Amino acid sequence: MRGFPSKLSCLAVALVLLAAWGCSSLKESSTSMPIKEYEKLIAGRLDADYVGTDSCVEKCHTHDRLTKDFRTSLHGGQVTAGTGMPLVNCESCHGPGSLAIGNVRNETCDFKTFIPLKEIPSGAQSLVCLKCHSSFSLANLSGWSSSRHAVANVSCSDCHQIHKGPQQKVARDEITDLCVTCHKEVVGKLEGMVEKFNTLAENLKKTLSHFRI
Ligand code: HEC
Ligand code: HEC
Ligand code: HEC
Ligand code: HEC
């Protein structure tokens, strides 16, 4: 019995130490990469300036189709100063463009100075969109980061192809095909359900016709 209080005090000391360690390790929470590097990922080259869509696209016409689509899209056409919404231009997603257009050769800008949107981690890709879409737009995107898709490294651009045309929404008739490209497992289930439903409808029809007689 004598050992009991000392065991208890040992436990107390251990707990205090553990709590102190826990707190200090929380205080020391660090980013997964140096802040400067992270800023570069999101903002692009920090030594570049924003020049605006017109300056971006006037020197090279390789992007004429893409630019026309952008200007007629909701992002480029309807989000105007009067709406009070954050204005969108090429640089909102690609980062500042002064270095890229400062070095145009053979109708090609120095695109390596833009944010490498296809190469950055999927979480960073989505952040490019979420800087506007977590406070504006759909409320449900505010919970995006903890969604199953985000956790599984699916990014906005896996579903929304920004430059496919003037429409950034996923067209209604393309939604099922889109989901099924990754969720092959549901196809079998759905087909089974459709079969069951058809049998059910058939039986119901028979029963109803029975009543009518
Ligand atoms: C809302 C965000 C967004 C805006 C605004 C935007 N882009 Fe993009 N752009 C992307 C993303 C994301 C990609 C990479 C994925 C893809 O190709 O869909 C991309 C890819 C590109 C590419 C490479 C295409 C390829 O085939 O690899 C070019 C060129 C481009 N954008 C030019 C522009 C120009 C010019 C503008 C302005 C008129 C613009 N973008 C506006 C998000 C945007
Ligand atoms: C600079 C701010 C900004 C950025 C960055 C941005 N958006 Fe948007 N987006 C808007 C605004 C403002 C609207 C119009 C209001 C709305 O629909 O909420 C919009 C609308 C949309 C729509 C609806 C389009 C339609 O035709 O109905 C989609 C889809 C969309 N954005 C996807 C994206 C994706 C994907 C990205 C990242 C590649 C992105 N946005 C980046 C501000 C932004
Ligand atoms: C798994 C595929 C998928 C992912 C990932 C995804 N979306 Fe969507 N999103 C959709 C579908 C499907 C719709 C509904 C399409 C419609 O409204 O016609 C939609 C709707 C939207 C709309 C509303 C369009 C409107 O006005 O009705 C916005 C804005 C949007 N998404 C932005 C984003 C952004 C930003 C991200 C990343 C943070 C994202 N989405 C990630 C599939 C996706
Ligand atoms: C780029 C691939 C991809 C596309 C496209 C995609 N998903 Fe997913 N989805 C995933 C991954 C990966 C997971 C995570 C699976 C896990 O956590 O086990 C997931 C998870 C989900 C979940 C959660 C499942 C659960 O058990 O809680 C739902 C619901 C879902 N997706 C619906 C959709 C819908 C609806 C679409 C079409 C608009 C879609 N997905 C398009 C890859 C994708």
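This section describes the fold, confidence and ligand surroundings of a predicted protein model.

Residues are numbered from 1 along each chain as its sequence is written, and chains are lettered from A and ligands numbered from 1 in the order in which they are written. In this predicted model, local features need pLDDT of at least 70, side-chain atom pairs count only at pLDDT 80 or more, and totals for chains, interfaces and linings use all residues.

The secondary structure of the protein comprises 12 helices and zero strands. Helices (H or I, at least four residues) and strands (E, at least two) are DSSP runs, numbered from the N terminus. From that terminus, the elements read α-α-α-α-α-α-α-α-α-α-α-α. Of the 213 residues in the protein, 11% are buried. A residue is buried if 20 or more other C-beta atoms lie within 10 Å of its own, exposed if 12 or fewer, and partly exposed in between, with C-beta atoms placed from the backbone. Among contacts with a separation of 6 or more, 59% join residues 24 or more positions apart. Two residues are in contact if their C-beta atoms, placed from the backbone, lie within 7 Å.

The mean pLDDT (the predictor's confidence in each residue, from 0 to 100) of the protein is 78. A value of 70 or more is reached by 73% of its residues. Confidence is highest in α10, at a mean of 95, and lowest in helix α1 (residues 3–27), at 50. Over residues 1–5 the pLDDT is below 50, and this stretch has zero contacts in the model beyond near neighbours in sequence. Where pLDDT is low, the predicted coordinates should not be read in detail.

Helix α8 spans residues 122–133 and has 12 residues. From first C-alpha to last it reaches 16 Å, close to the 16 Å expected at 1.5 Å a residue. The expected span is 1.5 Å times one less than the number of residues. Buried positions in α8 are Gln125, Ser126, Leu127, Val128 and Cys129.

Ligand 1 has 19 residues around it. A residue is near a molecule if its C-beta atom, placed from the backbone, lies within 6 Å of it. His63, Phe70, Cys90, Cys93 and Ile162 come nearest to ligand 1. Helices α3 (53–58), α4 (64–72) and α6 (90–94) each supply at least two residues of this shell. The largest share, four residues, comes from α6. By class, the shell around ligand 1 has nine nonpolar, nine polar and one charged residues. Here Ala, Val, Leu, Ile, Met, Phe, Trp, Tyr, Cys and Pro count as nonpolar, Asp, Glu, Lys and Arg as charged, and the others, Gly among them, as polar.

The residues around ligand 4 include Arg148, His149, Asp158, Cys159, Cys179, Cys182 and His183. Helices α9 (148–151), α10 (156–159) and α11 (172–182) each contribute at least two residues to this shell. The largest share, five residues, comes from α11. Seven nonpolar, three polar and two charged residues make up the shell around ligand 4.

Aspartate 47 lies in the loop between α2 (35–43) and α3. Aspartate 47 counts as exposed because it has 9 C-beta neighbours inside 10 Å. Its C-alpha atom is 9.1 Å from that of serine 98, 51 residues apart along the chain. Asparagine 153 is found in the loop between α9 and α10. With 12 C-beta neighbours inside 10 Å, asparagine 153 also counts as exposed. Asparagine 153 has a positive phi of about 65 degrees, although it is not a glycine. Most residues other than glycine have a negative phi.
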